[in-house]
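Thanks, everyone, for making time this morning.

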Amino acid sequence: MKKTIFGVIFILLPFFLQAQDVMTNQDIIAMKSSKISDDMVISKIISSECNFDLTVQGIISLKNMKVSDKVLKIMFTASPPTATIYNDDIISLSNAKVSRDIINRTIMATPHDFDVSPEGLIKLKTAKVNASIIKTMMVSPKQEKRK
């Protein structure tokens, strides 16, 4: 009897493993809405396959739903963004009150092509983008899209 049970488990195990869903922004928001702790959410991210939308709009949506910076940082590690960002994207993040830490992480983790010419810098300053964010943009004005 034990051999039969172990045999069935051995045969079905790959199907159960494949049945695991891919984590998305909606999963993070649902867990946040259910008041699941950040530590539990992070554990779930680390132990799952992830496909997060970490575009500018995705980040703003997550922040509007009160997803913590702590969780967002882990999301960047689990599912790095691939869409190229530009000066206007940084302005949008800044206007949405996304934290400096997350904006800087976005700059470092995302392919980008920033305009750090005098005109570009004036536009950023006029839009009230934090000086430390502008400095991060200047350090790495162009980062090619990952393949």
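This is a predicted model: local features need pLDDT of at least 70, side-chain atom pairs count only at pLDDT 80 or more; totals for chains, interfaces and linings use all residues.

Let me begin with helix α4, where V56, G58, I59, I60, L62 and K63 are buried, buried meaning under 20% relative accessible area, exposed over 50% and partly exposed in between, with a 1.4 Å probe and protein chains only. Residues are numbered from 1 along each chain as its sequence is written, and side-chain values use heavy atoms, with hydrogens and water left out. Helices (H or I, at least four residues) and strands (E, at least two) are DSSP runs, numbered from the N terminus.

What covers the buried residues of α4? The cover includes α2, α5, α6 and α7. V56 belongs to this helix, which spans residues 56-64, and V56 counts as buried because its relative accessible area is 9%. Not counting residues up to four places away in sequence, V56 touches I85, D89, S92 and L93, where a contact means heavy atoms within 4.5 Å. Just after α4, K66 takes a positive phi of about 70 degrees.

Turning to the core, a nonpolar core is a set of buried Ala, Val, Leu, Ile, Met, Phe, Trp, Tyr and Cys residues joined through side-chain atoms within 4.5 Å. The largest one here has 33 residues, of which I28, I45, M75 and I90 touch the most other members. At least two residues of this core come from each of α2 (25-33), α3 (38-46), α4, α5, α6 (87-95), α7 and α9 (131-139). If we take M75 and leave aside its neighbours within four places in sequence, M75 is in contact with N25, I28, I45, F52, L54 and L62.

Next, how do α5 and α7 pack, at what angle and how far apart? Helix α5 (residues 69-78) and helix α7 (residues 100-109) pack at an angle of about 5 degrees, and their axes are 10 Å apart, the axes being lines fitted to C-alpha atoms, for helices over the stretch in contact, with angles from 0 to 180 degrees between N-to-C directions. The pair is therefore roughly parallel, since angles under 35 degrees count as roughly parallel, over 145 as roughly antiparallel, 65 to 115 as roughly perpendicular and the rest as oblique. On the α5 side, D69, L72, K73 and F76 meet D101, I102, R105, T106 and A109 of α7.

Stepping back to the whole chain, there are 9 helices and 2 strands, and of the 147 residues, 35% count as buried. Among contacts between residues at least 6 apart in sequence, 79% join residues at least 24 apart.

Finally, a word on confidence: pLDDT is the predictor's confidence in each residue, from 0 to 100, and the chain has a mean of 87, with 82% of its residues reaching 70 or more.
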